[in-house]
Amino acid sequence: MKSAMKVGFAVLAFAMVFSTWSLADGGADFKAKCAMCHGPDGKGDTVMGKKFGLKDLGSAEVQKMSDADLTSTITNGKDKMPAYKGKLTDAQISDLVKYVRTLKK
Ligand code: HEC
């Protein structure tokens, strides 16, 4: 009985890992990696965001940056913004750029 429950939990844990994987898109990566500073909606309304004086990612100021600028900011970092080179794949970074575009007002 006990071992049957263990197997049950293992299966459940696996299913959960796979379901979050299949959901992995720009939005999920953003919430997992970027929201602690930029906030879930990119507004920067977080403790870190206030400390760094973050701009709203949906604002005209950020949206006027080209895709190449956004890609290089995320890839190489900028000032206090950490670099994600090697931590995220190019495909993930490109999905994040698309996600940032969806924040546009
Ligand atoms: C440790 C906090 C932190 C995390 C985590 C973080 N950022 Fe940033 N981000 C910053 C800071 C600080 C800046 C402002 C850099 C500057 O302009 O000096 C910034 C700037 C940016 C900009 C350019 C807009 C601007 O204000 O210049 C984009 C786009 C961006 N971040 C996207 C992301 C994405 C996508 C992620 C997740 C992969 C992420 N950030 C994770 C702190 C963070």
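Predicted model: local features only at pLDDT ≥ 70, side-chain atom pairs only at ≥ 80, totals over all residues.
Residues are numbered from 1 along each chain as its sequence is written, and side-chain values use heavy atoms, with hydrogens and water left out.

**The chain**

The protein chain has six helices and zero strands. Its pattern along the sequence is α-α-α-α-α-α. Helices (H or I, at least four residues) and strands (E, at least two) are DSSP runs, numbered from the N terminus. Of the 105 residues in the protein chain, 31% are buried. Buried means under 20% relative accessible area, exposed means over 50%, and partly exposed lies in between (1.4 Å probe, protein chains only).

**The iron site**

Which protein atoms are donors of the iron atom of the ligand? They are NE2 of His38 and SD of Met81, lying 2.0 Å from the iron atom. Donors are N, O and S atoms within 2.8 Å of the metal (3.2 Å for Na, K and Ca); water is not among the atoms, so sites may look incomplete.

The pair links distant parts of the chain. His38 is in helix 2 (residues 26-38). Met81 is in the loop between helix 5 (67-76) and helix 6 (90-102). The two residues are 43 residues apart.

Why is the arrangement octahedral? The six donor atoms around the iron atom subtend angles of 87 to 179°, which makes it so. Six donors count as octahedral if opposite donors are over 155 degrees apart and all others between 65 and 115.

His38 is buried because its relative accessible area is 12%. Met81 has 22% relative accessibility, so it counts as partly exposed. Cys34 is in helix 2. At 11% relative accessibility, Cys34 counts as buried. Cys34 and Met81 are 47 residues apart in sequence, and their C-alpha atoms are 9.8 Å apart in space.

The space taken by the ligand is the largest pocket. A pocket is found on a 1 Å grid over the protein atoms alone: an open set of points where a 1.4 Å probe fits, with protein on both sides within 12 Å along at least five of seven lines. A molecule sits in a pocket if more than half of its atoms lie within 2 Å of its grid points.

| Side chain | Ligand atom | Distance |
|---|---|---|
| His38 | nitrogen | 2.7 Å |
| Lys78 | oxygen | 3.0 Å |
| Asp79 | oxygen | 3.4 Å |

**Two more residues**

Thr73 is in helix 5. Its relative accessible area is 17%, so Thr73 is buried. A polar atom of the Thr73 side chain lies 2.9 Å from the backbone oxygen of Asp69.

Gln63 is in helix 4 (residues 60-63). Is Gln63 buried or exposed? At 11% relative accessibility, Gln63 counts as buried. Gln63 and Lys104 are 41 residues apart along the chain, yet their C-alpha atoms are separated by 6.7 Å.

Definitions and conventions
Tetrahedral: all angles 85-135°; square planar, octahedral: opposite > 155°, others 65-115°. Polar contact = N/O pair within 3.5 Å; in protein donor to acceptor, adjacent residues only side chain to side chain. 1 Å grid on protein atoms, 1.4 Å probe; cavity = no way out; pocket = protein on both sides within 12 Å on 5 of 7 lines; lining within 4 Å.
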